[in-house]
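Thanks, everyone. Let me put the structure up, and then I'll walk through its side-chain contacts.

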Amino acid sequence: MRSKITVLGVLIFVLAFAAQAQKVKVGYDKSVDFSKYRTYSWVSDNSTELTLRRAAIMAEIDYALKQRGLEVVDEGGDLLLAATGSIGGEIGGQHQDAIRPVPADFYYPTATMWSGAPAAAGNYVISGTLVLDFIDRSTKTLVWQGSVSEKMDTEKHTKNTERVRKAIAKLVERYPPKK
């Protein structure tokens, strides 16, 4: 009996940990008929720099949305799509705010924000969040918003790429909302 309880406890712990790997949240305007939206255009962020990572994420979002029946157009889409994101993380169990809005900023990942001294040993785990906002172009109102958070290990680049793909797919599979 004791071993069954132990196995059950371990199973619950593993499932709870796995469930936290990707956190997806979605909200939408329930009065909107989403079947009328066929196309979307990216909102211009006035940035002169399109990094390779950003372009890859946008391409992954475009691919996932195409699977859901939405087509990307350069301008004049039924919807405007704005994507934002943030990066934070922890090392050795200590939370680190590692948001780097400017690519040229220098950041030493093992220094704590309080002392500048290295944090406890361990892999640096990045926690990234992606937020997608769909705006009705004609009414200029937000009709759908979704976010996904994912943790990645800096030493597992190939696995991180797959995690990002899965996180985007998991988020986009909730569009259009099921009523």
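I'll cover confidence, then aromatic pairs, then salt bridges.

Confidence comes before anything else. This is a predicted model. The protein chain averages a pLDDT of 74. Of its residues, 64% score at least 70. Residues 1–20 are one of them, with pLDDT below 50. Beyond near neighbours in sequence, that stretch makes 0 contacts in the model. Residues 95–119 also have pLDDT below 50. Here the model does show contacts beyond near neighbours in sequence, 36 of them. How should we treat such regions? Where pLDDT is low, the predicted coordinates should not be read in detail.

Now the aromatics. How many aromatic pairs are there? The count is 8. Take Y28 and F34 as an example. Their rings pair edge-to-face, with centres 6.1 Å apart and 80 degrees between the planes. Is each ring buried or exposed? Y28 has 24% relative accessibility, so it counts as partly exposed. F34 is at 7%, so it counts as buried.

Next pair: Y40 and F134. This one is edge-to-face too, at 6.3 Å centre to centre and 85 degrees between the planes. Look at where the two residues sit. Y40 is in strand β2, residues 39–42. F134 is in strand β6, residues 124–136. They are 94 residues apart, and the pair links distant parts of the chain. Y40 is buried, with a relative accessible area of 0%. F134 is buried as well, at 0% relative accessibility.

Step back from the single pairs. Which residues belong to the cluster? Y28, F34, Y37, Y40, W42, F134, W144 and Y175 form one aromatic cluster.

Y28 has another partner. K30 lies over the face of the Y28 ring, 4.7 Å from the ring centre.

On to charges. How many salt bridges does a search of the whole structure find? It finds 3.

Start with K36 and D136. Their closest N and O atoms are 4.0 Å apart. K36 sits in the loop between β1 (22–28) and β2. D136 is in strand β6. That puts them 100 residues apart, so to speak at distant parts of the chain, linked by this pair. K36 is partly exposed, with a relative accessible area of 48%. D136 counts as buried, at 4% relative accessibility.

The next bridge joins R165 and E60, with closest N and O atoms 3.3 Å apart. R165 is in helix α3, residues 157–172. E60 is in helix α2, residues 52–67. Again the pair links distant parts of the chain, this time 105 residues apart. R165 is partly exposed at 38% relative accessibility.

R165 also meets E162 in a salt bridge, 3.7 Å from N to O. What separates these two along the helix? They are 3 residues apart in helix α3, so about one helical turn lies between them. E162 is partly exposed, at 35% relative accessibility. Salt bridges that share partners join E60, E162 and R165 into one network.

To wrap up, keep two groups in view.

Methods: Residues numbered from 1 in each chain as written. Heavy atoms only, no water. Phe/Tyr/Trp six-rings, centres within 6.5 Å; stacked < 30°, edge-to-face > 60°. Buried < 20%, exposed > 50% of the residue type's maximum accessible area, 1.4 Å probe, protein only. Helix = DSSP H or I, 4+ residues; strand = E, 2+ residues; numbered from the N terminus. Lys NZ or Arg CZ within 6 Å of the ring centre and 35° of its normal. Salt bridge = Lys/Arg side-chain N within 4 Å of Asp/Glu carboxyl O. pLDDT = per-residue confidence, 0-100. Contact = heavy atoms within 4.5 Å.
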